[in-house]
Amino acid sequence: MYRTVYKSKTAAPAPINLKPEVLIMGGGIVGMTVARELAREGVQVVIAEKGETLGGGARDLHFFYDRPADVQKWMGDLISTLEGEGNIHVLKGAKLKRLDGQLGRFQALVRTSDGMERTLSPSAVVVATGCITRPAEAMSDGSRCIGSSEMEKLLAESRDLPLTWKGQPVKTVTFILDLTNDDIKIHTVNAIKQAVILREKGCQVAVVARDLKVSASGIELLYRQAREKGVLFFKYDEPPVVSHTGDGISVEISDMTVLRKEERETVSLLSDLVIIGETFAADPETLELCRVMKLRAGTGGVLMEDNPQFLRVMSNRRGIFLAGGCRFPQVITESLSEAHAVVQEVKALLRGGVYTPVNPVAEVDPPKCAVCYTCVRLCPHAAIGVERYGDRNIYSAPAEKNGDTLWGAARVDPAACFGCGICVAECPARAITLYQ
Amino acid sequence: MSTFEPKIVAFCCEQSGLPALEMAKTLKLKMPDNLELVPVPCSGRIETLYLLKALESGADGVVVFACYEENCQYLQGNVRLKSRVGYAKQIMTKIGLEGERLEIFHVATNSGVKFSEFLMQKADQLRLLGPNLGKIA
Ligand SMILES: Cc1cc2nc3c(=O)[nH]c(=O)nc-3n(C[C@H](O)[C@H](O)[C@H](O)COP(=O)(O)OP(=O)(O)OC[C@H]3O[C@@H](n4cnc5c(N)ncnc54)[C@H](O)[C@@H]3O)c2cc1C
Ligand code: SF4
Ligand code: SF4
């Protein structure tokens, strides 16, 4: 029969003390919510926001699809609770220059717009830098074809008055969805939400989509409400053709209710305004932040891992959490549930005030290390650095440090190591051992 | 030749291969007679040398049970493994060993049946291939 071979040495790494201090990158709705919840638990929070105001992407929103309140009022309330909270410190115009160390010993160098640099030593870091958009291509000609945030603004400005655009009354509006970002449901949510408001103002509204994505909480109900109010929905296969007529804009689609393709007729929707969703794009600054923080960026410049083994808000590094738009463009309700998940994770991490590694950890035998940086490059969790701490080394020359003679060698931080053994297998000098 | 029972060394990732093995055991599925199992925390822990050493010291075939790609608990372990297996195969070709003697098999935790089927197939394949001529033992 078969037998199992297993050998593993044991070691008990020392516990690591954790102070209740957290750094949050990004002062959007997610960053602020995490800050408020953690501050209530007595955690010292620093929010590093690159802009001069808090609020982030939600500043362009005015209506919630699933809450009665006005977004701006709700956010204003949130900002004023933050300001009244002694445990929260907001740095504006902030940029993270460096992040050294590991869980419990992070050293963050933040520069603010006034040229000041300060070093923070948070126990955990939360990344909530949101996502960015750029105008969709179809909007480039500028006339009668606008983005959903501009529509949001028009709606907020007109409130109880009839809708106008550049001084002209707007009677008919067509939304075109899924031209870009076919996999993101924000545009569906936005379109249905705005369509309901437009119907209440007495406008004629049509929504043209490849697929309506109603998988966010409450959207199906909203969709039904929109249909009851008389919003027209059309499905398309081939992208609609948009053309300008004398005093309007026309959207042509082929009628998909007819099954045989040859028999389909073209339906043309003549509107005053066409709304197209903006394109979500990778934020170069977020990618730069990933480099500084040694985080892995997922596909398409967002931070979400495709790996199902990973809990939603976890990053590849222990003590660094991700939430909100930076993971994936998502609606506020979902972003907020991620914010709450992060709060729970951070609370669980900081609860005892110490972190004791529970998994196997790797350890470098300093005399054997050739300082080749192989393990440093390959560790997927950025748990290895090179330091001067060895008392002997067979490969390299010693160096002085504070009067002592110390040799450089790679060092695995037990708090950050996940115990995969990748470094052990790759080390050409066989200097690393995995301890159970 | 009829009595030749190939020896298989199977490295099992603790995240997928090992639970699959447990499942195969619970279901009392068939396993090759001459099998040695080596649990590893992650398939990324397996060195090129381990694979070659196993062949050198008596294995007729080496199998690595790893997680599916993009499914590694440690993000990149199975990707590192893939490149090492590729390298080991290059060396094997150079010294005249058949590439079939070394293979990665991706399993999920619940793939007990696949686990046993694959090993049984491997044993059949190795039986046809004959003993590993590279072993020193
Ligand atoms: C066009 C559009 C329409 C939307 N429509 C809806 C809708 O109808 N309904 C809905 O529920 N949701 C909608 N959303 C989504 C909603 O805006 C987001 O869920 C929410 O704003 C995400 O919040 P956040 O805190 O993750 O990110 P953001 O609000 O984007 O905040 C991120 C903050 O981080 C800062 N930051 C960025 N990079 C750095 C850095 N490197 N260092 C420091 N700070 C940084 C930014 O300045 C910003 O203040 C829409 C989004 C967009 C873009
Ligand atoms: S065992 Fe894995 S996580 Fe730990 S230091 Fe080595 S490569 Fe990094
Ligand atoms: S791979 Fe080995 S020799 Fe190279 S730096 Fe790491 S511990 Fe040192």
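Predicted model: local features only at pLDDT ≥ 70, side-chain atom pairs only at ≥ 80, totals over all residues.
**Entry 1: burial and overall build**

I noted the conventions: residues are numbered from 1 along each chain as its sequence is written, and chains are lettered from A and ligands numbered from 1 in the order in which they are written. Local features need pLDDT of at least 70, side-chain atom pairs count only at pLDDT 80 or more, totals for chains, interfaces and linings use all residues, and side-chain values use heavy atoms, with hydrogens and water left out.

The C-alpha atoms of chain A fill a box of roughly 85 × 60 × 40 Å along the principal axes. I found nine helices and 28 strands in chain A; these are DSSP runs, helices being H or I of at least four residues and strands E of at least two, numbered from the N terminus.

**Entry 2: domains**

I read the division of chain A as domain 1 (16-131 + 282-355), domain 2 (134-280) and domain 3 (361-435), with bounds from an automatic or database domain assignment. The centres of domain 2 and domain 3 of chain A, taken over C-alpha atoms, are 58 Å apart.

**Entry 3: helix α7**

I checked the span of helix α7 (residues 332-350) of chain A. Its 19 residues should span 27 Å at 1.5 Å a residue, and the end C-alpha atoms are 27 Å apart, which agrees. The expected span is 1.5 Å times one less than the number of residues.

Among the buried residues of α7(A) are Ile332(A), Leu336(A), Val343(A) and Leu350(A). What covers them includes α1 (29-40) and α2 (71-83) of chain A.

**Entry 4: His62(A)**

I located His62(A) in the loop between β4 (44-48) and α2 of chain A. His62(A) is buried, at 16% relative accessible area. Leaving out residues up to four places away in sequence, His62(A) touches residues including Asp70(A), Glu152(A) and Arg159(A); contact means heavy atoms within 4.5 Å.

**Entry 5: ligand 1**

I then looked for polar contacts, pairs of N or O atoms within 3.5 Å; within protein, one must be able to donate a hydrogen and the other to accept it, and residues adjacent in sequence count only if both atoms are side-chain atoms. A polar backbone atom of Gln330(A) is 2.7 Å from an oxygen atom of ligand 1. A polar side-chain atom of Lys193(A) lies 3.1 Å from an oxygen atom of ligand 1.

Notes: Buried < 20%, exposed > 50% of the residue type's maximum accessible area, 1.4 Å probe, protein only.
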